[in-house]
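Subject: Structure handover

Dear colleague,

Here is the structure, with its sequence, for your files. My notes on what was found in it follow below.

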Amino acid sequence: MTTCDRCGRTFNNKFAFGPHRRVCNVVSTPVAQSIEVPFESIQDAQIAQQCTNSLRDLAQRSTKPSWGIRTVLKLNQFRPQDNQFSCARDYSYMQEKWSAYIKAAHSCCSSEFWCVQQSLLNQTTVCKDAVVNAVKPLVSHEARQPAWPDSTRALKKLFQRKAGRFWDNVLHTETVDLSSYDLPGITDIKFEFVDPVYVWLERADAMYDAGIEMQWKPCSMRHPESGEEVFGAGVQYGLILREASKRVPAGSKVALFNLSWDGGSTGFGSRSAVPICVQVMNTNSASAVCIGLVGYLPYVEVSEVYKDHANCVKARHHVLQTCIGHVLACINNSSRHGFYGNIGPVKTHFFPCLGMLTLDTPERVKYFGLRSSRACGICRLRKGRSVIREATRHNPEQIKRLYDVACTPTCTRYL
């Protein structure tokens, strides 16, 4: 049995405690109430909870070396002027609106329904609908109140009717013009993505709730015998956080972004589904809590005969460069004045910094215009650092295409 430390409510099913804990803000301790669920759900939930705890403990193991001299660096940060950051966007209001939306969405269905949904979190939509319909007759009519949607589509419509449309507040819609490529039946394509700054804040706040340690202050580590500075023990000992901290005002923090997109291992062999993700780099944890989905790269749908046409290849490269440019521009809009957000109970002033682009080899070749996969910056042709070593070999046609995209006046319409 699990008891909520806020309201005192008791749960026989540990899996039902998670959704309740995220929406419970009661300070007093009323009389504890128990929820009756089928025995199969309790057994499955206990097994799933044990697996989740084991994976979380494994993911949260950060590298803490037992040797070396570790010191926190004191950097000369410039002092902000009065009213200098009045243009910084405040995302704390949007975070509060998200909390209210979660409460309203949670109250739409019964606790037993959320218990079943929690056990199916990583399953497909078809599997969720089948299990929900199979479990529904096993639950009493009183336990199905206030609602028990039969499908994911019905659940989304219920959210829109009772809780509203939250994602419209943080969703960006851009139109990429493709009229110059003479594609059959395609003149433009829409690209929808969630504000990457909001995704970063939402993931950072989730990391705080999960107890994952975050790094904000740069440190240095030196060998105990030679005194030489060493690296690799954590992000706080790296040069990225150190250099970025020098460029932010005193009292603020650096928000390290890792932007990545990968079309592999998504269930589509043609790489037609390419998710764009943002990762919080201010941590040494490998937990999936640090990663948030921004959107999907639009797919240029043409006939099989036209897929390998030169215009279609150019159009796909243009879509890639333009869409990633929109995401980077959204992050860059907060680079000068920063942004405000809540991580836990503390409201902090952050400044974004793109720390890394974690790309797979096919995506790296396309985005940076490399000649081949063997010309990659981390491939076997580039061994170590050398002044006399030749630079990365690029594909002249790809580089010319990138220059054409950069020099051509934009025709993109902003919605």
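Glu-243 is partly exposed in this predicted model, because its relative accessibility is 32% (buried means under 20% relative accessible area, exposed over 50%, and partly exposed in between, with a 1.4 Å probe and protein chains only). Its salt-bridge partner is Arg-247, and the closest N and O atoms of the two are 3.7 Å apart (a salt bridge being a side-chain nitrogen of Lys or Arg within 4 Å of a carboxyl oxygen of Asp or Glu). Arg-247 counts as exposed because its relative accessibility is 57%. Lys-246 joins Glu-243 and Arg-247 in a network of salt bridges.

On the numbers and their basis: the model is predicted, so local features need pLDDT of at least 70 and side-chain atom pairs count only at pLDDT 80 or more, while totals for chains, interfaces and linings use all residues. Residues are numbered from 1 along each chain as its sequence is written, and side-chain values use heavy atoms, with hydrogens and water left out.

The search of the whole structure gave nine salt bridges. One of them joins Asp-168 and Arg-165, with 2.9 Å between the closest N and O atoms. Asp-168 is partly exposed at 45% relative accessibility, and Arg-165 is exposed at 51%.

Another salt bridge is formed by Glu-229 and Arg-242, whose closest N and O atoms are 2.5 Å apart. This pair links distant parts of the chain, 13 residues apart: Glu-229 lies in strand β8 (residues 229-230) and Arg-242 in helix α8 (residues 239-245). Helices (H or I, at least four residues) and strands (E, at least two) are DSSP runs, numbered from the N terminus. Arg-242 counts as buried because its relative accessibility is 10%.

Glu-229 also has a place in a strand pairing. Strand β7 (residues 219-222) pairs with β8 in the antiparallel sense over two bridges; two strands pair if DSSP finds at least two bridges between them. Opposite Glu-229 of β8 stands Arg-222. The hairpin of β7 and β8 has six residues between the strands, and in it Gly-227 takes a positive phi near 75°.

Finally, what does strand β13 hold? Phe-351 is found in this strand, which covers residues 346-357. Phe-351 is buried because its relative accessible area is 6%. From C-alpha to C-alpha, Phe-351 and Ser-252 are 7.3 Å apart in space, and in sequence they are 99 residues apart.

Regards
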